[in-house]
Amino acid sequence: MATAPAQANQSTPTPTPALIFDDGRGILAPMTDLRPAFDVRTGGLTTLQRLRHTLNLHITALQVPAHLADLTAETHDVSVNTPNDKPILMLSGRCPLPPSDVMRLAPGEALIEPETEDLIAAVGPPDDLARLIAGDRPNNRTAYRVSTADQRLLLSRVWHVRASRDACIEADLAHMMRGSRQDPPPGVTVMGDHPVHIHPTAHVCPNVVLDAEAGPIAIDAGATIRPGSIIIGPTIIGTDSTVLDQSLIKGSTAIGPVCKVAGEVGGTIFQGHANKAHAGHLGDSWVGAWANLGAGTTNSNLLNTYGDISCVPTPHAPRERTGERYLGAIIGDHVKTAINSTIMTGSIIHTGAMLAQTAAITGCIRPFAWGTDAGRHLYKLGRFTSVCETVMGRRSIEPGKAYVERVEGLHAEAVAAYWQDA
């Protein structure tokens, strides 16, 4: 498909109609337990937000696995899982930074990933999507001309967010720098030559240092940076988030909306509505929504051997090499840790786990695990949902019907797996 034609005044190009799909492939839990892959925050923006802005797309439809259809429809105002026969650009929501090639695809052309042979993008009727995802190639039922990307582009493991993080943050900073801004307030020290963007409604207190020597800094609408904090670029502080007093926010960090963050944080993405409001180190990690890390919670993001970090993506799965030297933890939605918790390198903590143990948290923690020094059991659904409603209610958010049903479904799956292992 050719780049969309410009409007008559030649100033604003017409957005390209597009369908964004989540093919359900890879192992991306816990990040995709309560959202499709394109709604994962992969930098300062979610992948869907980035695709819309960087490629100038008009998102007309979304395609997701059946178990996420109602939840996706509850959170988006476009058609979900209702394909039609009109040719359109179809783009994978597991691709956080698509190549420019996707905008040059013509009808009947498709782009696949070389390593997995998974579909990245195609132009054609959305009715063809299921067959394309299933692997139909030329000379089969769909006669698409297929080209191959020159590198891995799709997220297929949770640690791939770490691999794509820096490029995503760079792209998101470029977009955010276009908006209106205020000058740094009196008493704020700015270092370096990279741009610093402070939204007019953000509040940066005196005695804050904004160190832009290594990259830009963006502080979004309604965000607050409390006194004594140091922000090192490239970093994005999201809408209505607060960096608490005397915090150190190091580069390659993207804090999503409505978070409270303190202590030492670097190379970490917060999905949004999460708290790390006390001292403690958190590095090279991803933190899901409604997670809360207790005071003093600290993680390791580097092996003592400086070697390649390996992870167990799901309980009982084989350990896999990540190709990463720096990798902290993947912390799912609604995870809670007690004070002074220690999280070891490469840990994956699945949705809803509540961990209050003196032993280090390590490996892969099953969904809805209730961990104490007495052992690990299952977080009872009634108790979990009560806490969930309380936590979300503090932000004046009431979970929707589809959200509640998806949580209940996840919990039922966790119960079945727990008793199977017992």
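Student: Does Ser396 count as buried or exposed, and why?
Tutor: Buried means under 20% relative accessible area, exposed over 50%, and partly exposed in between, with a 1.4 Å probe and protein chains only. Ser396 counts as exposed because its relative accessibility is 72%. Please note that this is a predicted model, in which local features need pLDDT of at least 70, side-chain atom pairs count only at pLDDT 80 or more, and totals for chains, interfaces and linings use all residues. Residues are numbered from 1 along each chain as its sequence is written, and side-chain values use heavy atoms, with hydrogens and water left out.

Student: Where is Ser396 found, and what is the phi of Ser396?
Tutor: Helices (H or I, at least four residues) and strands (E, at least two) are DSSP runs, numbered from the N terminus. Ser396 is in the loop between α5 (381-393) and α6 (401-421). Its phi is near 60°, a positive value in a residue other than glycine. Asn81, also not a glycine, has a positive phi of about 60° and lies in the loop between β3 (79-80) and β4 (88-92). Asn81 counts as partly exposed because its relative accessibility is 25%.

Student: Which strands form the open sheet, and in what order?
Tutor: Two strands pair if DSSP finds at least two bridges between them. Here six strands form an open sheet in the order β8-β11-β14-β17-β20-β23, with parallel pairing. Its edge strands, β8 (189-191) and β23 (281-283), each pair on one side only. Within the sheet, β11 (residues 209-211) and β14 (residues 230-232) pair over three bridges, and Asp211 stands opposite Ile232 in β14.

Student: Which peptide bond is cis in the case of Pro234?
Tutor: The bond joining Gly233 and Pro234 is cis, with omega about 0°. Pro234 lies in the loop between β14 and β15 (235-237). The bond from Ala29 to Pro30 is also cis, with omega near 10°.

Student: How much space lies in the largest pocket?
Tutor: Rolling a probe the size of a water molecule over the atoms shows where empty space is left. On a 1 Å grid over the protein atoms alone, a pocket is an open set of points where a 1.4 Å probe fits, with protein on both sides within 12 Å along at least five of seven lines; lining residues have an atom within 4 Å of a point. Grid points are joined across faces, edges and corners, and a volume is the space filled by probe spheres set on the points. The largest pocket holds about 660 Å³. It is lined by 24 residues, and the closest to its centre are Leu34, Arg35, Asp39, Thr75 and Gln271.
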